[in-house]
Amino acid sequence: MFKNLSLAVVLLTASSALKATESVHFAAIEHLFEQKVGIAVLNTVYNKLGISLKVSSLPAKRAQSAAVNGLVDGEVMRVWSYGEQTANMIRVPTPYYSLESTAFYLSTKKAPVATLSDLPNCKVAIVRGVKHSADLTATSDKVVELDSTDKALGFMLKQRADLVLTNKLDGIVALQRMGVEKQVSYSRPLAFFPLYHYIHESRAELVPLVDEELKKLIASGEVAQIILQTELQLQQAN
């Protein structure tokens, strides 16, 4: 009872603080499949809260810099470690999507990895500033950072890397967009990462409201429906 009462007080206080808040502005990592799904989910969340949502798509490191320096109100979605490594950012506790870190490699070659322990033996291309890929390759000295998944795959297609490490759906859609599906194969997912919404500490009043709304939408099945529809739309768009 007391727990529910405390939550109600927090939400009431946060709601009062939002009376002057009519809009929010977040950064998203440009071109990534999962970020576009996240934007679709958050559009619904903030609409339910009566708040207008604006999203600017930026390169990963610029998105992080903009969020940390308060130029935007936070980021659409990042992995858990982003919150551990990034000052001034508050993690909304409830994850609302996930990604599967997957190795993409030339179809003419044997799969270069079977488990994460194989990564240090390979020259790996990743998207610059993307935390899950950076975390998984942190112990490797053979990592090349590119500006997008398309560029990373193109780098590998020129046989300048053994594999590209990215989210499974992000890689698949990029292959379709580039028209090279037959030239590239991919492994089973090497790791799974829940994804969280992050809010700058200056807008801390948003955190309990967004978390509560996310929980409601997940419980009702609405988040799952938004995710499914958005995934299909993004894949068909290519």
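**Entry 1: the largest cavity**

I began with the residues around the largest cavity of this predicted model. Its lining is made up of Ile-29, Leu-32, Glu-34, Gln-35, Met-77, Arg-78, Val-79, Leu-99, Val-130, Lys-131, His-132 and Leu-195. I then looked up the volume, and about 90 Å³ of space lies inside this largest cavity. The structure holds 3 cavities of 30 Å³ or more.

Which elements supply at least two residues each of that lining? I noted three names here: α2 (33-48), β3 (74-78) and α5 (131-136). Sorting the lining by class gave me 7 nonpolar, 2 polar and 3 charged residues.

**Entry 2: Glu-75**

Next I stayed with strand β3, where Glu-75 is found. Is Glu-75 buried or exposed? I found a relative accessible area of 0%, so Glu-75 is buried.

I wanted to know what surrounds Glu-75, leaving aside neighbours within four places in sequence. My list of its contacts runs: Phe-26, Ala-27, Ile-29, Ala-63, Gln-64, Ala-67, Tyr-82, Met-89, His-197 and Tyr-198.

**Entry 3: His-197**

I located His-197 in strand β10, which covers residues 191-200. His-197 is buried, because its relative accessible area is 0%.

Which residues touch His-197, once neighbours within four places in sequence are left aside? I wrote down Phe-26, Leu-42, Tyr-46, Glu-75, Val-76, Met-77, Ile-90, Arg-91, Val-92, Tyr-96 and Val-210.

**Entry 4: helices α7 and α9**

Last, I turned to a pair of helices, α7 (residues 168-178) and α9 (residues 222-236). Their axes come within 9 Å and cross at roughly 25°. That angle is under 35 degrees, so α7 counts as roughly parallel to α9.

Which residues make the contact? From α7 I noted Leu-169, Val-173 and Gln-176, and from α9 Glu-231, Leu-234 and Gln-235. By class, the residues of this contact divide into 3 nonpolar, 2 polar and 1 charged.

Methods
Residues are numbered from 1 along each chain as its sequence is written. This is a predicted model: local features need pLDDT of at least 70, side-chain atom pairs count only at pLDDT 80 or more; totals for chains, interfaces and linings use all residues. Side-chain values use heavy atoms; hydrogens and water are left out. On a 1 Å grid over the protein atoms alone, a cavity is a set of points where a 1.4 Å probe fits but cannot get out, and a pocket is an open set with protein on both sides within 12 Å along at least five of seven lines; lining residues have an atom within 4 Å of a point. Grid points are joined across faces, edges and corners, and a volume is the space filled by probe spheres set on the points. Helices (H or I, at least four residues) and strands (E, at least two) are DSSP runs, numbered from the N terminus. Ala, Val, Leu, Ile, Met, Phe, Trp, Tyr, Cys and Pro count as nonpolar, Asp, Glu, Lys and Arg as charged, and the others, Gly among them, as polar. Axes are lines fitted to C-alpha atoms, for helices over the stretch in contact, and angles run from 0 to 180 degrees between N-to-C directions. Angles under 35 degrees count as roughly parallel, over 145 as roughly antiparallel, 65 to 115 as roughly perpendicular and the rest as oblique. Contact means heavy atoms within 4.5 Å. Buried means under 20% relative accessible area, exposed over 50%, partly exposed in between (1.4 Å probe, protein chains only).
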